[in-house]
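Below are a few friendly notes to read alongside the model.

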Amino acid sequence: MTILLIDWHESFIFGLAKTGHQFYVVEPKVLGMTRIDGKDSWQTNYRPIPSNVHLISELAELREVVHAQKTDLALAIAFLDMAFFKHLPIPKMYFPITVFLGEFSTLGNLYPEKQTEIYEYIRGLLPNYFLAFTTREVMEKELGDSKLPAHVFDTYNAIPLEDYGPYVGDIPKVLRVGNFLKEREEFNYSLFSEVTKDMPHTILGNNPHLPNARIADDWDDLRQALCRHRVFFATNSPRYDFVVTTAQLEAMASGMPVVTTPYPSCVIKDGENGFVSSDPQVLRERLLTLLDDQELAVKLGKRARQTISEMFNFEKYKSEWNKIFNLAFESFIPRRNSFKPIIEEPQIELEGPLLSGIDGESNQGIAHALRTNRIPLVMHPKQGRKTHDKLMAPILDYFKTLEIAGQSLLHTKPAPFRLVSPFDGHPKALSENTKSITYLPWDYGALPKSWVSLVQNGTVEEIWVNSATEKKFYQAQGIPEAKLAVFARGFDPERLNPSGRKLHQNFANRFVFLFVGTTGLEEGGNLALDAYIKEFKPADNVALLYLATAESASLFKKLESLSHTGTCADIAFATTNSIDTLPLFYRMASFGIVSHCGLNFPRFLPHFIGHALPLAISGYGAGLDIQRWGTYHAIPTSTHFIDETLFPEPLTGKPFLGKPDVESLQRIMRYAFEHPVETRIRGLLGRKKGLEELAWRRVAQNIVSHLNGKTRKQSEESVQLNVLLDHQESEFWLSNGIVHSLYDEWEQTRGFASKSLERNPNNLLTKAVLLEANAALGSFETSLFSEILSMKDYSDVVFLHLVKATEHAKTEESLDKLLQNRKHPYQHLLAALGLYETNRHKKAIRVCRDVISNHPDAEAHAILGMFLENEDPEEAMVHFEKAFELEPYLRYLEPSKSSPERRLHDWSRTPE
């Protein structure tokens with residue numbers, strides 16, 4: 001029989017190979033995965049490769065094996081395997097060497113609200129498999145009340161005695177064998193450390209956080225350690241349904257005594273073939289006794305070896321496995337001749353770090369959206385998994401990704417396009433039939449030369465970037481425009497929305513600023529903090545929630561010193577990077593700060609947008625793309641060159657970042673605080689625009705449309721850097737003009753707008769800003785007003801500046817003309833906002849009612865509710881309720897009914 005399985009455990013497969021069958025063993029790298037020890041291929045220092053084991057190291061070879069029907073049985077030895085093998089039309093068997101409930105209790109704790117759904121998904125896979133378990137207890141817990149038939153092994157593992165021993169025990173040290181002992185709760189390393197304190201001991205295995213541990217040189221090195229060390233010590237947690245670890249069985253087979261904690265499958269009997277206790281002091285005494293008494297160690301070790309001979313007899317093991325293999329094969333209906341390859345060709349292969357948290361969210365979103373659009377998709381999930389990685393993307397999505405990856409093996413051809421993660425280094429084409437596309441967000445202007453060469457030598461067919469501005473800078477570095485496409489980071493509207501807004505008691509009835517990110521060069525955390533400290537004092541009813549996505553000792557020290565001065569407004573500091581806990585913080589905030597300094601699309605920007613948070617956003621890189629929506633406050637940002645020695649490889653030129661203006665950010669924050677109605681409306685309109693452009697489904701549709709219509713023409717035209725920087729300066733002056741118009745500094749506004757027009761004379765937004773500034777200074781230019789109105793299309797922000805210009809000039813005729821000339825209802829609402837902000841409340845309310853009568857809309861009801869909060873609170877509540885009926889997430893706009901809060905004296909307290 002020929003058996004297919006995945007290489008999760010060399011020692012188990014090495015023993016299984018002794019049954020005499022042929023084995024195709026898939027190395028984890030084929031699936032884009034790594035094992036718990038960080039390895040993605042067979043480790044010969046763990047076990048040599050048996051002659052009847054054939055390693056599969058390439059996806060193309062695995063596809064060939066499946067299509068040629070070279071295997072008789074797929075053996076899943078981890079519950080991840082069940083998803084991958086699900087659609088293979090061959091007999092399948094599930095025998096978990098890492099028990100589902102034990103492993104899942106670690107992973108599932110990260111997402112307790114998803115556990116039921118994940119349990120149901122995994123247990124839904126079980127009927128596709130012949131089921132076999134080590135013990136009846138494990139079977140009952142694994143299967144629950146499903147009543148599925150299953151086999152329980154008498155001898156699930158065996159250790160050929162001739163491979164181990166003879167035991168000498170001449171090294172009076174304690175031995176522990178295992179990988180990542182400290183990180184895996186099931187191995188209870190804290191107890192091991194407590195008991196063996198000041199005791200000579202050796203730890204063998206991959207344990208990077210244990211300085212006294214080492215990896216065995218090879219199998220002979222491991223066997224020598226088992227023969228010569230005095231005693232083997234195991235501290236397995238009783239909470240986990242463990243089978244006896246292979247390392248412990250090998251120790252016993254060597255004739256080595258074992259001291260262990262009790263657990264369900266324990267085969268050590270206290271005082272007979274080793275010692276068992278859960279008392280740390282007793283365990284310590286037993287170890288010290290054996291270290292002092294070699295004769296006793298030899299005596300107990302002989303009995304342990306005898307236990308292996310009786311309970312883990314190799315002949316019984318071989319016989320039972322062969323019987324089970326035959327039962328599994330015979331249980332499969334229909335037989336292999338029903339195999340029918342899928343003829344349709346999938347459109348996309350996606351490879352990305354789907355379990356690496358926030359950074360993997362873009363790929364996860366694309367995958368999710370493509371699946372929901374029923375787009376054929378092949379997945380290669382690069383995960384770089386850590387045992388206790390708190391940043392993992394939702395686990396259920398990962399299982400489904402593996403299922404799709406396995407199903408893709410049935411396709412007759414590989415996909416024509418492969419999208420490769422930005423975190424994989426130099427991408428390699430899957431095959432000559434596959435065009436590699438690389439998603440390479442970049443912050444620093446000048447590109448690594450190696451990236452450019454990947455395009456020039458044909459390894460990469462195309463590069464995808466996050467923003468139109470970023471694309472221009474790539475062109476300036478020698479990447480042809482035909483090789484570039486823009487797909488911004490998207491968001492899941494179902495998960496990222498303002499529903500369930502919940503204020504911490506310390507933030508109730510306060511205006512809360514939120515920054516998410518780090519103090520890194522490109523993220524601008526220090527700028528946000530400095531602007532807040534300079535602008536607000538303890539008397540202001542505000543708070544800053546600084547949500548750090550990485551530990552920062554310098555930031556913590558700075559905040560700690562501020563907490564003792566009493567000179568700045570309250571600051572709360574928290575550290576999190578989980579895409580499942582972040583929404584709790586977004587829902588506490590009134591206003592977001594995205595003082596990003598890089599070209600790339602800030603990874604948390606879609607989160608702000610999805611939660612309808614109004615923003616101050618840098619006028620740089622992707623910030624320019626979002627600013628053109630006209631819904632957010634722009635921070636003027638200039639170009640700032642940085643030290644190229646900071647980069648590990650040569651760049652195409654001198655790297656640069658943006659430098660947002662701190663004083664402008666201060667004024668924007670003050671303006672937002674003093675104009676809460678406009679601030680909230682800007683957030684609402686921003687989310688509306690975000691749904692049109694950044695929702696996962698929209699991003700996926702754009703990608704599919706692009707790939708299906710992609711041409712192979714290449715353009716060698718490139719844009720010169722000085723032209724781009726000139727464009728950047730034009731945007732800088734425009735941003736300055738917009739910012740200064742917010743707080744009525746009209747001379748400065750006019751100066752900035754004029755300079756911007758010198759560089760970009762056709763920019764409608766600049767013209768609208770100049771029109772407003774001149775109107776505020778007593779000169780309303782009717783001809784310029786008419787020119788802008790005559791344009792076929794203009795943005796909401798252009799419309800808003802036109803409204804304010806007419807208000808300054810007090811020209812009712814122009815205002816009526818403007819309202820008649822609106823392009824869509826949201827410009828009507830912006831006109832109402834302009835009226836309201838200039839104290840024409842009644843007219844603002846009439847305009848808003850007109851929108852509702854002609855275009856019933858949730859946001860219109862919410863905005864009218866805000867206008868009526870002080871005029872007629874009861875009617876305001878009616879409109880809030882109507883808005884909630886139409887869009888449940890708008891519930892968060894309802895006025896707070898919380899009792900007055902206590903001031904936040906302990907800034908370091910994490911909001912709950």
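1. Glu-250 and Arg-47 form a salt bridge, with their closest N and O atoms 1.9 Å apart; the term stands for a side-chain nitrogen of Lys or Arg within 4 Å of a carboxyl oxygen of Asp or Glu. This pair links distant parts of the chain, 203 residues apart: Glu-250 belongs to helix 9 (residues 246–253), and Arg-47 to the loop between strand 2 (22–26) and strand 3 (53–56). Helices (H or I, at least four residues) and strands (E, at least two) are DSSP runs, numbered from the N terminus. Glu-250 and Arg-47 are both buried, where buried means under 20% relative accessible area, exposed over 50%, and partly exposed in between (1.4 Å probe, protein chains only).

2. A word on the basis of these notes: the model is predicted, so local features need pLDDT of at least 70 and side-chain atom pairs count only at pLDDT 80 or more, while totals for chains, interfaces and linings use all residues. Residues are numbered from 1 along each chain as its sequence is written, and side-chain values use heavy atoms, with hydrogens and water left out.

3. How many salt bridges does the structure hold? The total is 21. Another of them joins Arg-670 to Glu-674, with 3.9 Å between the closest N and O atoms. These two residues are about one helical turn apart, because they lie four residues from each other in helix 22 (residues 662–674). Arg-670 is buried, at a relative accessible area of 18%.

4. Elsewhere, salt bridges with shared partners connect Glu-535, Asp-540, Arg-670 and Glu-674 into one network.

5. Turning to the strands, strand 8 (residues 171–177) pairs with strand 9 (residues 201–204) in the parallel sense over four bridges; pairing requires that DSSP finds at least two bridges between the strands. The path from strand 8 to strand 9 goes through helix 7 (residues 189–195), giving a right-handed β-α-β crossover, that is, clockwise from the first strand over the helix to the second with the strands pointing away from the viewer.

6. Which residue of strand 9 stands opposite Arg-176? Ile-203 does, and the bridge partner of Ile-203 in strand 10 is Ala-213. Strand 9 and strand 10 (residues 213–214) run parallel, joined by two bridges.
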